[in-house]
Structure formats: C-alpha cells, structure tokens
Amino acid sequence: MKIIKPTPIKRVGKHDRERRVLLGLVDYYIQTGKPVGSNTLKEAGFEDLSSATIRNYFAQLEEEGYLLQSHSSGGRIPTDLAYRIYAHAYLNTNEPYPKQNPFEAFKSFESKEIAIFLQEAAEKLSWETNCAVFLSAPRFDHDFIANLKLVPLDAYRCLCIIMTDFGVIKTEVMHLPVKLSSFGIKRIENYFHCRLTNLGEPENLEPEEETIAQTFYNELMLRYIVGYSNFIDVDLYRTGFSRLLFYSDFQDTNLLASSLSLFENAHSMRLLLKECKALNHLRFWIGDDLSSFANSSPRCSVLTIPYYINYKPVGAVGLLGPTRLPYRALFSLLKLFSDCISETVTKNVYKFKIDYRQPEQSLYLKKEESLLIGQSRFLIEDKRP
C-alpha cells in the first residue's frame with residue numbers, strides 16, 4: 001500500500017499549531033513505528049517551527065493525554081486518543097484514490113453467485129490492506145441447493161457440505177449408524193445428485209446405504225429450508241485473520257489473543273456492521289471504543305463502511321487491525337471498495353432478477369417455500385414399510 005506523506009494543516013493560533021504538530025507526529029509514527037523526537041519531526045515538514053517549540057508542544061500534548069514518552073530522552077508515541085483525533089481529521093476528507101484501482105476487476109463480474117463474489121471481494125480487500133475483513137450481507141432469495149458433499153470425520157460422523165446455486169456454503173455434522181467405506185460415501189453422494197437433478201436412478205446402492213442416504217437427504221433438505229426461511233441475522237463473511245501476524249504490534253501473544261478475540265465473536269461483528277449500516281457512513285473504533293463489543297479491552301482498531309444496492313444500504317464491510325494503521329489511506333480505499341462492490345452487486349441483482357431481504361423476526365416463506373414444507377411428500381421420500 002502506498003504510504004501518504006504528512007500534509008501540514010495550516011491554521012492560525014497556538015491551538016491549531018499544536019494540533020498540526022500532533023497530526024504530523026501521528027502521521028510519522030504510523031509510517032515508521034518509531035518514537036518521534038522534536039528534531040525528527042522538524043525535518044519531516046515542520047521547518048517553520050524550532051525544535052524547542054516542538055518540544056513545548058510535545059510536553060503539552062503529553063499532559064493532555066495525547067502522547068507517551070518511554071523515557072526522559074526518548075521520542076514520543078501517540079496514544080489511542082491521538083489516533084482518534086487523527087482519524088477524525090481525515091474521516092471526511094477526499095484523499096485521492098490509488099492511481100490504479102485494485103478493485104477494477106470487480107466490474108467484469110456477471111453471475112447470480114453473489115455470495116461467491118462478496119467472499120472473493122472480502123479476500124481481495126484483506127490482501128490490499130493486510131487487515132482482517134468481515135462483511136455482512138442480506139439474504140438473496142430464490143436460492144436452492146445445487147450440490148451435497150460428504151466428508152468423513154471419523155468412523156461415525158461425517159461433515160455434509162451444502163452448496164447453493166448462489167454460491168452459499170453451509171455445513172452440517174451428520175452421525176452415521178455404521179462405518180462406511182469411501183465407495184459407500186461416493187454412492188450416497190450419487191444418490192443426492194440424482195434426487196437434486198431428477199436425472200436417472202442411483203446405482204449400486206446397498207440397502208443399508210440407501211436407508212442412510214434417504215435419511216440424510218430428508219434431514220438436510222428440511223434443515224436448509226427452515227434455516228433459509230428463518231433469517232434473523234445477516235450472513236457474515238470473515239477472512240484475513242493470519243495477515244495480522246505480520247504486524248509488529250501483535251508480536252506479543254497475549255496482546256494478539258485479547259485483541260483479536262473480537263474477530264472470533266460473530267455477534268460483536270454483526271453489531272459493529274449493523275451500527276455502520278444504520279448510520280450510513282464510514283465509521284471507526286479505536287482501542288477502548290471497542291470495549292462494549294468485547295469482554296476485554298481490545299488493542300486494535302475497526303473501520304467500517306456500508307455498501308449499497310441501488311443507493312440503498314444493504315450491508316457493511318469492516319477492517320480489523322492494530323491501532324497503528326494508515327487511516328488516511330484506508331479511508332480512501334474503503335470508499336473505493338464500497339463504490340465498486342455496490343455497482344457490481346446492483347448490476348447483477350437487476351440482471352438476474354434476484355430479490356433480497358434483511359433479517360426479520362417473523363417466519364419468511366414465499367409461495368414456493370411454503371409448498372415445499374406443506375407438501376413435504378414431494379420433497380421427502382420414505383420407503384420404510
């Protein structure tokens with residue numbers, strides 16, 4: 001990511017000069033990660049101020065809680081309060097977008113598999129920012145199961161992978177009454193394929209395998225329909241956790257674990273994204289700002305921005321990283337990301353005539369889903385005597 005050089009904010013008066021020094025120090029520290037001394041800052045764009053004047057400003061800012069000094073002769077580092085002032089200063093500025101749009105390829109996406117697109121987009125954003133990414137999405141309707149796969153876990157359990165036509169993947173753990181061979185698992189998968197496509201009849205199934213296949217198919221279909229109809233939380237995609245290990249700020253294992261426990265809390269992630277979507281603008285939380293969303297005091301930052309379908313906010317995307325983040329550059333990149341995925345999702349929703357909905361407490365069933373449950377004999381086959 002391109003590092004933005006500090007831009008002096010010219011003001012009149014002592015308070016504004018002090019603020020300019022603070023922003024310059026945070027800018028320099030974000031880029032280097034090294035404590036900032038008065039001479040260092042003077043050479044980094046503050047030639048109009050003497051070193052003594054800068055030291056006086058440092059002392060005042062330290063007293064006000066914006067800076068810390070590790071020892072008497074060392075440089076200063078910003079506190080979370082300083083990062084908040086810095087982030088607020090550039091939150092609504094129009095920083096230039098990167099000359100080469102890293103998300104340009106999104107515009108060529110044309111498919112009803114919007115879930116796949118959003119997951120790939122989140123992965124791309126994580127790659128560009130070196131941050132963990134989490135993204136909320138509405139429920140896209142008229143989806144259906146396209147494939148079912150079985151992965152043996154042990155002698156009596158297997159993982160069933162449910163793949164839908166829109167690219168959604170769900171998993172269920174199923175218990176096996178008997179141990180099955182790899183060939184038996186494959187024959188059961190062939191049974192699933194025949195039932196889903198209505199093409200041909202499953203071959204070479206042992207009677208015991210057919211009973212298991214029929215039971216699994218009925219169970220999985222009903223679980224999917226009930227889960228699809230009861231949509232009370234936005235779908236959440238998360239990626240990029242491992243990229244945070246490259247930050248020096250997270251080299252301490254305890255600090256990493258306490259800070260990133262937030263990323264493993266899906267409920268907290270949803271609350272952050274829900275608040276961003278409701279307020280409908282770019283937001284950030286730094287350090288203790290996140291205390292109400294976590295059990296501990298996270299030493300990290302979260303940046304979020306909504307995205308849209310036809311100018312209506314339908315979800316949000318968030319970045320999670322250390323407090324020492326290049327906020328100016330990331331604000332610009334998030335705005336560009338939101339614009340690109342909003343355009344792409346809107347185009348494909350209209351092109352493929354896809355409906356979508358937000359979470360709701362009441363049971364959602366359109367006519368076709370009601371028929372599936374109400375006339376379950378067309379869905380569930382029971383050959384028991």
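Author: A salt bridge is taken here as a side-chain nitrogen of Lys or Arg within 4 Å of a carboxyl oxygen of Asp or Glu. The model is a predicted one, in which local features need pLDDT of at least 70 and side-chain atom pairs count only at pLDDT 80 or more, whereas totals for chains, interfaces and linings use all residues. Residues are numbered from 1 along each chain as its sequence is written, and side-chain values use heavy atoms, with hydrogens and water left out.

Glu172 forms such a bridge with Arg223, their closest N and O atoms lying 2.7 Å apart. This pair joins distant parts of the chain, 51 residues apart: Glu172 belongs to strand 7 (residues 169-175) and Arg223 to helix 7. Helices (H or I, at least four residues) and strands (E, at least two) are DSSP runs, numbered from the N terminus. For burial, a relative accessible area under 20% means buried, over 50% exposed, and in between partly exposed (1.4 Å probe, protein chains only). Glu172 is partly exposed at 24%, and Arg223 is likewise partly exposed at 31%. Together with Glu219, these two residues are linked in a network of salt bridges.

Glu209 is buried, with a relative accessible area of 7%, while Arg187 is partly exposed at 21%.

A further pair is formed by Arg20 and Asp48, whose closest N and O atoms are 2.9 Å apart. Arg20 sits in helix 1 and Asp48 in the loop between helix 2 (38-43) and helix 3 (51-63), 28 residues away. Arg20 counts as buried because its relative accessibility is 11%; Asp48, at 53%, counts as exposed. Over the whole structure, the search finds 17 salt bridges.

Eight of the 11 residues of helix 4 are buried, so the helix is largely enclosed by the rest of the structure. Among these buried residues are the charged side chains Asp80 and Arg84, where Asp, Glu, Lys and Arg count as charged, Ala, Val, Leu, Ile, Met, Phe, Trp, Tyr, Cys and Pro as nonpolar, and the others, Gly among them, as polar. The buried residues of helix 4 pack against helix 1 (14-32), strand 2 (76-78), strand 9 (283-286) and helix 10, contact meaning heavy atoms within 4.5 Å.
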